[in-house]
Amino acid sequence: MRKALTVLFSLAAAASPMASAAQEIPPAPTVTMEPTPSDPAPREAPKPADFAARAAADNLYFIRSAQMALEISHERNVRDMAETFLREHEKAQRELENAARSQGMTLQPELNEDQLAKLQALRAADPAEFDDVYRSGEMIILQSALERLSVYADTGAGGPLKAYAVSFYPTFRSHFIVLRSSANSQ
């Protein structure tokens, strides 16, 4: 009976969205092919203005969290990641602003509630726990940013914003891989 319960709890944990979400890397953008009966329903791309606003908020979050990590963290690995993330997300933000401008939009990035909460938790973190809180927040926000880039790269309207999504997906994905390996090495 005890073994059956252990197996049952293991299966429940593996099926939980939190357990699988932390382990999965969103798929890279793919070339659209003819659907087959077993294919999942296509994901619907957001409107270009909505995508641009959310992507700008994602970059702003990564910029601010990296700046905070550079001020607070004493772990060399975290500081190195933060320097890279800061540089690459500032570049991504410039490219996104250029893409949006060429499509007739002006971006005014605003963090969403989840991003604000993650930054607040980072500010409030005990110095001994800062690096773990930083990695955790980055992983969560990065996972949703990757999904957003993937959907827009796959199904978004053609143009500079779609080119941005395709171009920066590999950068965001590499950040996810670096964070995951950093968290696993702890």
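**Salt bridges, core and cavity**

Reply: In helix α5, the side chains of K118 and D114 meet in a salt bridge at 3.0 Å, N to O. The model is a predicted one, in which local features need pLDDT of at least 70 and side-chain atom pairs count only at pLDDT 80 or more, while totals for chains, interfaces and linings use all residues. Residues are numbered from 1 along each chain as its sequence is written, and side-chain values use heavy atoms, with hydrogens and water left out.

Me: What is a salt bridge, and how many does a search of the whole structure find?

Reply: Side chains of opposite charge can pair when their charged atoms come close. The rule asks for a side-chain nitrogen of Lys or Arg within 4 Å of a carboxyl oxygen of Asp or Glu, and the search finds 6 salt bridges. One of them joins E75 and R135 at 2.3 Å, N to O. Because E75 lies in the loop between α3 and α4 and R135 lies in helix α6, this pair ties together parts that are 60 residues apart in sequence. Helices here are DSSP runs of H or I with at least four residues, numbered from the N terminus.

Me: Is R135 buried or exposed?

Reply: Buried means under 20% relative accessible area, exposed means over 50%, and partly exposed lies in between (1.4 Å probe, protein chains only). R135 has 3% relative accessibility, so R135 counts as buried, whereas D114, at 36%, counts as partly exposed.

Me: Which residues have the most contacts inside the largest nonpolar core?

Reply: A nonpolar core is a set of buried Ala, Val, Leu, Ile, Met, Phe, Trp, Tyr and Cys residues joined through side-chain atoms within 4.5 Å. The largest one has 45 residues, and those with the most contacts inside it are F51, Y134, L161, Y164 and F172. Helix α3 gives the most to this core, with 12 residues.

Me: Where is F51 found, and what is it in contact with?

Reply: F51 is found in helix α3 and, at 1% relative accessibility, counts as buried. Contact means heavy atoms within 4.5 Å; leaving aside neighbours within four places in sequence, the contacts of F51 include L149, L161 and Y164. The C-alpha atoms of F51 and L149 are separated by 8.5 Å, although these residues are 98 residues apart along the chain.

Me: Which residues line the largest cavity?

Reply: On a 1 Å grid over the protein atoms alone, a cavity is a set of points where a 1.4 Å probe fits but cannot get out, and lining residues have an atom within 4 Å of a point. The lining here consists of F51, A55, D58, A145, R148, L149, Y164 and F172.

Key
Helices (H or I, at least four residues) and strands (E, at least two) are DSSP runs, numbered from the N terminus. On a 1 Å grid over the protein atoms alone, a cavity is a set of points where a 1.4 Å probe fits but cannot get out, and a pocket is an open set with protein on both sides within 12 Å along at least five of seven lines; lining residues have an atom within 4 Å of a point.
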